[in-house]
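Here are some notes on the model, for your review. They take the salt bridges and then the nonpolar cores.

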Amino acid sequence: MNEAELIGMDTKKSFIAKQGVFSQLTNEETDVLASLLSEKHFAPGDTIVTEGDHVDSVYFIVKGKADVRHVSIQNGAMQIESITTLEPGASIGLNETGFYSLSGVRTATVCAITPMVTLRLSVAAFHGFALSNSHVSAVMRKNASEILGFYSNTGQT
């Protein structure tokens with residue numbers, strides 16, 4: 001891949017800004033978080049994440065489509081159920097309140113349908129970022145509480 005194909009910092013910042021969970025970060029925090037994103041490509045049929053694996057990163061889809069699948073055993077046979085299709089702008093492992101998996105384990109398998117370009121954010125790098133920016137953890141807790149309907153100042157839920 002040549003330099004012209006690399007995803008620029010403006011695009012990375014745009015993807016960070018589009019995520020509800022990061023919506024209240026300062027410009028400086030957005031810049032730092034965007035610098036932690038790495039470009040990762042997947043071919044059709046590649047598995048991006050596997051159900052049951054440890055969550056070590058989240059992905060932002062820049063180009064391409066992916067299938068979200070749940071695997072189960074029914075009557076002794078493996079069943080694969082397609083849950084949804086993810087398109088550019090979607091994320092894998094992140095929602096508006098934070099990281100999807102509270103247990104630290106992937107809840108679905110995601111496979112590339114078309115050639116894909118993603119931005120990967122390591123969970124370890126994110127935790128380091130949050131620890132060095134105390135405002136980040138506070139903002140994420142506040143944002144999640146607002147979205148989930150909790151009102152910490154009044155004790156109401």
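1. This is a predicted model. Start with D31 and K13, which form a salt bridge; their closest N and O atoms are 3.4 Å apart. The pair links distant parts of the chain: D31 sits in helix α2 and K13 in helix α1, 18 residues apart. D31 counts as partly exposed, at 32% relative accessibility. K13 is also partly exposed, at 27%.

2. The whole structure holds five salt bridges. Another of them joins R120 to D56, with 3.9 Å between the closest N and O atoms. R120 belongs to strand β10 and D56 to the loop between β2 (47-49) and β3, so this pair ties together parts 64 residues apart in sequence. R120 has a relative accessible area of 22% and is partly exposed. D56, at 39%, is partly exposed.

3. D67 pairs with R69 in a salt bridge, the closest N and O atoms lying 2.6 Å apart. Which partner is buried? D67 is, with a relative accessible area of 9%. R69 is partly exposed, at 28%.

4. Now the cores. The largest nonpolar core has 20 residues; I16, F22, L33, F60, L119, L121 and F126 touch the most other members. Two or more residues each come from α1 (9-18), α2 (27-35), β3 (57-63), β10 (116-122) and α3 (123-132). Another core, of 14 residues, lies apart from it and includes L86, A90, I92 and A108.

5. Leaving out residues up to four places away in sequence, L119 touches I7, K12, F15, L37, S38, E39, V58, Y59, F60 and V62.

Technical notes. Residues numbered from 1 in each chain as written. Predicted model: local features only at pLDDT ≥ 70, side-chain atom pairs only at ≥ 80, totals over all residues. Heavy atoms only, no water. Core = buried A, V, L, I, M, F, W, Y, C linked by side-chain atoms within 4.5 Å. Buried < 20%, exposed > 50% of the residue type's maximum accessible area, 1.4 Å probe, protein only. Helix = DSSP H or I, 4+ residues; strand = E, 2+ residues; numbered from the N terminus. Contact = heavy atoms within 4.5 Å. Salt bridge = Lys/Arg side-chain N within 4 Å of Asp/Glu carboxyl O.
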